[in-house]
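The following note sets out several points for the attention of a colleague.

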Amino acid sequence: EIFKTIGILCRSRTTALIQGETGTGKELIARVIHRNSPFSAEPMVTLDCSSIVETLIESELFGHEKGAFTGAVASKPGRIEMAGEGTLFLDEIGELPLNMQSKFLGFLERREYTAVGGRRVLHSRCRIIAATNRDLADMVRRGEFRKDLYYRLKVITIQIPPLRERASDIPPLAEHFLKKANRELGTAVFRFQDGVMERLQQHPWTGNVRELEN
């Protein structure tokens with residue numbers, strides 16, 4: 001079902017929301033969608049909403065003009081402008097501050113924005129793919145996430161199951177990561193010891209695929 005949804009998204013600019021635990025491969029799916037879209041030659045730009053301090057998130061998204069705030073010694077394009085007609089991937093969208101949620105909703109609805117300290121109205125056709133490891137529906141109920149933004153983001157939703165719920169994926173993933181380790185480390189390990197795969201399939205993998213790889 002996830003592959004079918006990816007196929008649908010590859011043929012359009014539809015906004016998408018990818019939900020899943022940490023380490024399940026949300027950004028990987030976003031990159032697959034972008035790479036197989038008609039606008040794959042355009043940039044794919046990523047912004048981790050949890051890694052930017054609240055006072056700078058607007059500047060990171062929309063850009064700023066020289067002198068817009070202390071330290072703005074030069075004009076700087078935002079991630080939206082950098083994405084051009086490609087894809088803007090917003091990781092951990094649940095960490096977007098409430099005041100920015102309102103401004104970002106306005107951008108999604110009108111597809112126009114203004115840089116911090118700027119007057120010129122800018123336009124964008126970039127596709128938005130958002131991802132989160134949090135339960136946005138529950139955050140909406142608690143008043144921590146705007147309902148209108150939630151519905152605007154979840155035009156198409158991909159829910160990635162945790163690795164512990166798809167143990168049959170573990171053997172091919174393990175084989176893939178073994179080959180990758182051989183390439184990167186210059187080693188020549190071609191098989192797992194007897195019993196190892198069974199142990200791997202019984203492990204809870206709270207860190208999901210990222211934990212398995214490491």
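1. A disulfide is a pair of cysteine sulfur atoms within 2.5 Å. In this predicted model, a search of the whole structure returns 0 disulfides.

2. For Cys10, the closest cysteine sulfur belongs to Cys126 and lies 17 Å away, which is too far for a bond. Cys49 likewise takes part in no disulfide, and the nearest cysteine sulfur, again that of Cys126, is at 13 Å. Cys10 is buried, with a relative accessible area of 9%, and Cys49 is buried with a value of 3%.

3. How do helices α1 and α2 cross? The axes of α1 (residues 2-10) and α2 (residues 26-35) come within 8 Å of each other and cross at roughly 45 degrees. Angles under 35 degrees would count as roughly parallel and those of 65 to 115 as roughly perpendicular, so α1 is oblique to α2. The crossing of α1 and α2 is right-handed.

4. The contact between these helices involves Ile2, Ile6, Leu9 and Cys10 on the α1 side, and Ile29, Val32 and Ile33 on the α2 side. Cys10, discussed above as a buried residue, therefore also belongs to this helix contact.

5. Thr132 is located in strand β8, which covers residues 127-132. Thr132 is buried, its relative accessible area being 0%. The side chain of Thr132 reaches the backbone nitrogen of Arg134 at 2.9 Å. Leaving aside residues up to four places away in sequence, Thr132 touches Leu17, Ile18, Gln19, Gly20, Lys26, Glu92, Ile93 and Gly94.

Methods. Residues are numbered from 1 along each chain as its sequence is written. This is a predicted model: local features need pLDDT of at least 70, side-chain atom pairs count only at pLDDT 80 or more; totals for chains, interfaces and linings use all residues. Side-chain values use heavy atoms; hydrogens and water are left out. Helices (H or I, at least four residues) and strands (E, at least two) are DSSP runs, numbered from the N terminus. Buried means under 20% relative accessible area, exposed over 50%, partly exposed in between (1.4 Å probe, protein chains only). A polar contact is a pair of N or O atoms within 3.5 Å; within protein, one must be able to donate a hydrogen and the other to accept it, and residues adjacent in sequence count only if both atoms are side-chain atoms. Contact means heavy atoms within 4.5 Å. Axes are lines fitted to C-alpha atoms, for helices over the stretch in contact, and angles run from 0 to 180 degrees between N-to-C directions. Angles under 35 degrees count as roughly parallel, over 145 as roughly antiparallel, 65 to 115 as roughly perpendicular and the rest as oblique. A crossing is left-handed if the near helix is turned anticlockwise from the far one by less than a right angle, and right-handed if clockwise.
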